[in-house]
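Please read the following report alongside the sequence and the 3D view.

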Amino acid sequence: MPNGGSDCCGTCWFNRSNGGKRGSINFNHTIPSFCEIRDLAIPDPFYTYCANHPHHRPNRDAIPIGSVYVGDADGVRTFWQPSPDTEEVRQHLLDIVRSPKEHTDGYPFFSSSPLEKAIRQLVDFNDPRVVDALEDLAQRNEVKEVRSDILDLIKTVRQELDL
């Protein structure tokens with residue numbers, strides 16, 4: 001079955017067509033594709049993608065992270081749907097920023113880290129709490145080798161948020 005990558009909705013456990021299991025072997029063509037965690041109909045599941053796919057979040061992260069993208073046969077992915085914006089989603093993103101080491105599992109191909117996605121999404125939401133979360137992270141001993149990078153990132157985020 002041709003598809004736009006192994007990290008598509010057609011292989012995701014959150015797609016109703018897969019009955020809660022991962023992999024295209026579980027895809028049931030008689031059940032319309034629907035993202036259970038985003039409450040979103042998926043017209044073309046083998047060319048639709050998000051950061052919650054099992055390849056990116058193998059620990060089954062059921063709180064939406066980032067936007068949804070569609071792709072083409074050339075592997076080009078473009079924005080399709082924004083992330084849901086709820087306090088639960090924002091708190092989860094803030095947790096990822098505060099504890100990125102706990103969220104490092106994943107599939108790096110065609111993807112950025114959960115930390116990068118969380119920061120980007122919080123900036124897109126214009127949520128200033130991302131600065132506090134990054135400042136908390138910068139104070140931790142385990143990040144001392146990259147502290148200056150985090151401090152630079154805080155400056156960039158402040159500028160993007162006009163703080």
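Just after H2, Asn126 takes a positive phi of about 60°; helices here are DSSP runs of H or I with at least four residues, strands are DSSP runs of E with at least two, and both are numbered from the N terminus. The model is a predicted one, in which local features need pLDDT of at least 70 and side-chain atom pairs count only at pLDDT 80 or more, while totals for chains, interfaces and linings use all residues. Residues are numbered from 1 along each chain as its sequence is written, and side-chain values use heavy atoms, with hydrogens and water left out.

Within H2, the residues Pro114, Ala118, Ile119, Gln121, Leu122 and Val123 are buried, where buried means under 20% relative accessible area, exposed over 50% and partly exposed in between, with a 1.4 Å probe and protein chains only. The cover over these buried residues of H2 includes H1, H3 and H4, contact being defined as heavy atoms within 4.5 Å.

The helix pairs are set out below, with axes taken as lines fitted to C-alpha atoms over the stretch in contact and angles running from 0 to 180 degrees between N-to-C directions.

| Helix pair | Angle | Axis separation |
|---|---|---|
| H1 (residues 87-98) and H2 (residues 114-124) | about 135° | 9 Å |
| H2 and H4 | about 25° | 10 Å |
| H3 (residues 129-138) and H4 (residues 147-160) | about 170° | 9 Å |

The angle in the table makes H1 oblique to H2; angles under 35 degrees count as roughly parallel, over 145 as roughly antiparallel, 65 to 115 as roughly perpendicular, and the rest as oblique. The crossing of H1 and H2 is left-handed, a term used if the near helix is turned anticlockwise from the far one by less than a right angle, with right-handed used if the turn is clockwise. On the H1 side, Arg90, Leu93, Leu94, Ile96 and Val97 meet Pro114, Leu115, Ala118, Ile119, Gln121 and Leu122 of H2. By class, the contact of H1 with H2 consists of nine nonpolar, one polar and one charged residues, with Ala, Val, Leu, Ile, Met, Phe, Trp, Tyr, Cys and Pro counted as nonpolar, Asp, Glu, Lys and Arg as charged, and the others, Gly among them, as polar.

H2 and H4, at about 25°, are therefore roughly parallel to each other, and their crossing is right-handed. Ile119, Arg120 and Val123 of H2 make this contact with Leu153, Val157 and Glu160 of H4, and the residues of the contact divide into four nonpolar, no polar and two charged.

H3 and H4 are roughly antiparallel to each other. Here Val130, Val131, Leu134, Glu135, Leu137 and Ala138 of H3 meet Arg147, Ile150, Leu151, Leu153, Ile154, Val157 and Arg158 of H4, a contact with ten nonpolar, no polar and three charged residues.

Turning to the strands, three of them form an open sheet in the order S3-S4-S5 with antiparallel pairing, where two strands pair if DSSP finds at least two bridges between them. Strand S3 (48-49) and S5 stand at the edges with a single partner strand each, so one side of each is left without a neighbour in the sheet. Two bridges join S3 to S4, and Tyr49 has Tyr69 of S4 as its bridge partner. Strand S4 (residues 68-71) pairs with strand S5 (residues 77-81) over four bridges, with Val68 standing opposite Gln81 in S5. The hairpin of S4 and S5 has five residues between the strands, and in this hairpin Gly75 takes a positive phi near 85°.

Pro54 lies in the loop between S3 and S4 and is buried, with a relative accessible area of 1%. Leaving aside neighbours within four places in sequence, Pro54 is in contact with Thr11, Cys12, Trp13 and Arg22. The C-alpha atoms of Pro54 and Cys8, which are 46 residues apart along the chain, are separated by 9.5 Å.
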